[in-house]
Structure formats: structure tokens, C-alpha cells
Amino acid sequence: MAQVPQTFDAPAVRTWCGLALRALGRAREEIDAINVYPVADGDTGTNLYLTVESAAAAVEAVFAAHEVGGGTGGAAGTPSGPSLADAARAMAHGALIGARGNSGTILAQLLRGMAQVFAADGDRAHTDGRGLCLALRRAADSARQAVAHPMEGTVLSVASAAADAATGAEGDCGTVALAAYEGACAALAATPGQLAVLERAGVVDAGGQGLVAVLAALVETFTGRTPEQGASPSAAAVAADGRPVVPHARGCAAEDDGPGACAPPASGPAFEVIYLLDAEDAAVTRLRERLDGLGDSLVVVGGDGLWNVHVHVDDAGAAVEAGVEAGRPHRIRITHFGAGDAHTGGSGRPHRERAQRAVVAVVPGEGLAGLYTEAGATAVLARPGEQLASGELVEAVRRAHAREVVLLPNDPELRHTASAAAEQARGEGVRVALIPTRSAVQGIAALAVHEPGRRFDEDVVAMTSAAGATRHAEVAVAERQSWTTAGICQAGDVLGLIDGDVAVIGSDVAATAETVLDRMLSAGGELVTLVLGDEVPDSIADRLQTRVRETYLAVDTVVYQGGRQGALLLIGVE
């Protein structure tokens, strides 16, 4: 058996996050299948997975930074390792900014509560079993405080029971973690008796089931063994074809009606609104009151100036406006529950047949997202300065609902992320081909030759060939002084990058773009694609089109509006 940590230190945080992510990956489909409260939208397992994936990525980034910098940290001052406080804060921050859905937002606050204990009074104060007890109690209490109207029979009940059980345990971290896990299992089994909607559907609470998986990973972290579950507390069964099926109570519809079939028919808000918010504590207090009057399922987590806001409302615009009044909302996500969703009083949704083939593409701006969507692709909007998580790409593949998927990452930095997502999707029975596109203009070229009617391999070869035959460039503004392949640039200089390398350093956007375009067309070309960012005037596109028309014979130009895409201008030459 591999060596396990004896105290809660930074490596233990790292191990726990990794094990929790794997546990939720295995349980995701089962948890999604039993999701009936507060909305029967079948995504609790996925949301929890994405939340923990963000937390784990943040912890890994802290370790990587220490390895590069050769820093010191930890209880014993070991070299090249972060302190417990660093790792715990990274875990909490990663979960906060990556939290998805009601349960994911609550889990983020649970992790934040634990981090507050582990980061307090130095590394040595709270690293033993007693410290873990305190952390679990702080987590449960802070999660309850974050929810506007706490309900028993939910993940909150499971978290409280875990903390209660841990308080009664004496011993090391492994002993305390096991006690918390067993208390959580008992509470989870009791949730159908606390919430009528769960009892009608014949399931336990999905968020609580996810927390049990996270606590099982905590036990494994300190013991090296996965705790024995006995009879699974989840009520999800497995049908002959391997799909999870939720058993229904008396008088409910057949299995194919899905986990929402036994949900209550009462209507509710139509939209889920989530955003990060930069705001002061006093403004957040007023925001809670405002949002509580607009809808339900209100959860506001975070602190120290950064918050994650989650609410279900009918007026999504009013929920966002309330955030603007409180501070600066960003990374806004609005999801319509849709007609037929149990939360909106629908009576069931028709089964949607899988398409034979689909394209999933990462795009850097809203304008390109619209273009790709019009062409039939499932678009995933990239966030400037932030890496997408593999789980987000997997979720997009699921949303495409096809037997065969062509994945276009459109960014060299996403190669490994996209590869991991493709591998996971293949494990779910989807045939996935990853075309290593390095820019959105290469993706446009690939999408232009996509033909769903031909054989999959032939289609992938044609799309790969089209992407590979497209040179790509971008024009951007330097954020800081830096060494480049074209010399030293200063903050504010205009950079022209060709195939990923800085080729031109200038002071004028139009002149730099012309120089880049001339260099690209010196090797020939038939079609120039220009994608304008929202800060670039149309006059620059007119100037470049005129340049191509007057200087290069038989070369066509097409212009698209990219929106907030990071770069001022994207250029493709086929």
C-alpha cells in the first residue's frame, strides 16, 4: 500500500482533490440520474465534477509554481512545496471560481469553510484529527449560512451529520474522516424521509450523494483504502443496457420518463443565473435581500471581495442588474430550464434521438460562437486568461448528443485538455476524433469542408487537411515588456503573431496587420479570413480588404465579427 499522509498538509490537500475528482468522475452519471431537487435537470453530478476539477487544477497550479520557483513551505519548511495554507486557499479559490449549479456552489463553500480552518494560525495549528473536526464543522456551518433558506434532506443535512459524527470521534485524520463518512452515509439514507420530492421519486439527495463521494476520497487520502459502502445509499439502479435508471414510486411513469417523472408538478422560476461578483460585504448583504425577493434556490458563497452568486429566477436580467448595483459581476451564465422541465411544470420531454455526427469547437468570442453554431457546431466559449477544464469539453460533447464527434480545440494550449476530454467521452461510448486546430480560423476552414453524410474517417481527414492548409495569425497588444522572437516589446506595443510566434512589433494596429498579411500572402493563398475583435473599427477591415484586392490577384477575403475574443484581429490564409 502506498504511503499515506499522517496529518493534513499540502500534499494531503493535493491527494484529496485528485481522489475526489476521480470518485465524482465514476459517480457522475449515477448522481445526474437521481437529481430531482431543487430542479430535475439531471446535472448535479456533472456540476460537482466541474467544481472539484477547478479546485484540483488550482492546487496543481500552486504546486507547479513552487516547483518552478524552488520555494519553501510546509510545516517542516520542506523545499519546493507549498504550505498547507497555500494549498487550502488554492483549493477554495478554484472551487469558488469554477462552481457550477446549486450543489457545486454549496460544495465550494464547504471547501472554503475547511480552508479557513487550515489556513489559520500557521500550518501546525490544525493539521491533526482535531483540526479536521474543526474544519468539517466550519464547513457545514458556513454552507448553511450561504443558503438563503436551508432545507433538511439536502446536502446541508449530510454535511452537518458528517461534522457531528467527526466531533464524536477521537484519533488521527483517518479515524475522523471515516467517522464523518459514516455519518454522511446515514444522513444520506435518511434524506427521502425529509424531502417529499425525494420520497416520491424513490431516490436520495443527489448533492448529498456527491458529498459522500468526496468524503470517501478523504478517507482514502488518509488510509489508502476506499471505505466499504455496503449497500449503496443511492437509489439508482442499472438497466440492461448499462444506463442508470431511477426506480419510481407508486403511480409514476415508466423508466424512460427520466428522473424528473415523479417531481412535483408545481411551477417555478424559469432561469438559473450564476455569476462571479467583485463586491464589498455590505453590498453583498443587500444583494442577498434583493435576490431573495426575485426567486429561489439562492446561494451566495465566497468572501474577501470575491463571491459566487447562484439563484433561480423568472427575470434573469433583474438578477444580473442586482449584481451590477452591488459590484462587478463577471463570468455570467444564464440557463433556461426549458419547457417540459419539472421545475417549470412540464409533463415530460420527448426522447431526443442521437445524431450520427457532430462538431464541438472552442471559440474565443461571442461572434464566432454564433458563426460556429449557425454552421451546426456545438460551441464552447473560451474565457480570456483562463483555461477551460476538460469537464467542460466533455459536457459539450454530451450536449451535442451524437454517436460521432469531431473536436476542434482551436488553441495549442488546450491540446492536453482536449485529449483528456476526448478520452473520457470515448469511455462513455462516443467515437471522438480530435483535430489539433491551433486557431479559430483553422476551425472555420475545417468546418467549411465538414460533411456529415460521408464516412467518419473521410470527414476527419478532409477537415484535418483543410485546417492544416490554413496559416493563422493574430494581432494583439503587449501587456508587459517581454523578449520575443522579433525582439524586445514594451507594454502597449502592437504585436503580430504568425503561427504562434511574434513576427512583427509595431505601434499601429492597421499597419501591423498589413505587414502580417503581406508576410503570410508572400507564400501564396486563395482565401483570407479576418475576424475582428470588438475593439477594432470596421475601417481596418476595409483597409485590409483593399490591400488584398489591389495587391494580390485572385485572392478572396471574408470578414467576421468575433466579439470579445482577446486578440484584436485573427487572420487566416488558406
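**Entry 1: the whole chain**

I began with the surface: the accessible area of the protein comes to about 24,900 Å². Carbon and sulfur atoms hold 50% of that area. I note here that this is a predicted model. Next I looked up burial. Of the 574 residues, 53% count as buried. I then listed the secondary structure and got 18 helices and 20 strands. Residues 24 or more positions apart account for 69% of them.

**Entry 2: strand β20**

How many of its residues are buried?

I checked which way the residues point. In a regular strand, side chains alternate between the two faces of the sheet. In β20, L569, I571 and V573 point one way. L570 and G572 point the other way. Both sets are buried.

Then I took the partners in turn. Strand β13 (residues 471-477) pairs with β20 in the antiparallel sense, over five bridges. On that side I noted E474, whose bridge partner in β20 is L570. Strand β18 (residues 527-533) is also antiparallel to β20, again over five bridges. Here I picked out two positions. V528 stands opposite V573, and L532 has L569 as its bridge partner.

**Entry 3: helices α6 and α9**

I moved on to a helix pair. Two packed helices are described by the angle between their axes and the distance between the axes. I looked up both values for α6 (residues 155-167) and α9 (residues 206-223). Their axes come within 7 Å and cross at roughly 35°. Is the crossing left-handed or right-handed? It is right-handed.

Which residues make the contact? From α6 I listed V155, V158, A159 and A162. From α9 I listed G207, G208, L211, V212 and L215. I sorted this contact by class and found seven nonpolar residues, two polar and no charged ones.

**Entry 4: helix α13**

I checked the cover on α13, residues 390-400. The helix is mostly covered, with eight of its eleven residues buried. Which ones are buried? I wrote down S390, G391, E392, L393, V394, A396, V397 and A400. H401 follows α13, and its phi is positive, near 55°.

**Entry 5: A420**

My last stop was A420, which lies in helix α14 (residues 415-427). The C-alpha atoms of A420 and A389 are separated by 9.7 Å. Along the chain, the two residues are 31 residues apart.

Terms used
Residues are numbered from 1 along each chain as its sequence is written. This is a predicted model: local features need pLDDT of at least 70, side-chain atom pairs count only at pLDDT 80 or more; totals for chains, interfaces and linings use all residues. Side-chain values use heavy atoms; hydrogens and water are left out. Buried means under 20% relative accessible area, exposed over 50%, partly exposed in between (1.4 Å probe, protein chains only). Helices (H or I, at least four residues) and strands (E, at least two) are DSSP runs, numbered from the N terminus. Two strands pair if DSSP finds at least two bridges between them. Axes are lines fitted to C-alpha atoms, for helices over the stretch in contact, and angles run from 0 to 180 degrees between N-to-C directions. A crossing is left-handed if the near helix is turned anticlockwise from the far one by less than a right angle, and right-handed if clockwise. Contact means heavy atoms within 4.5 Å. Ala, Val, Leu, Ile, Met, Phe, Trp, Tyr, Cys and Pro count as nonpolar, Asp, Glu, Lys and Arg as charged, and the others, Gly among them, as polar. Accessible areas come from the Shrake-Rupley method with a 1.4 Å probe; for residues, only the protein chains shown count as cover.
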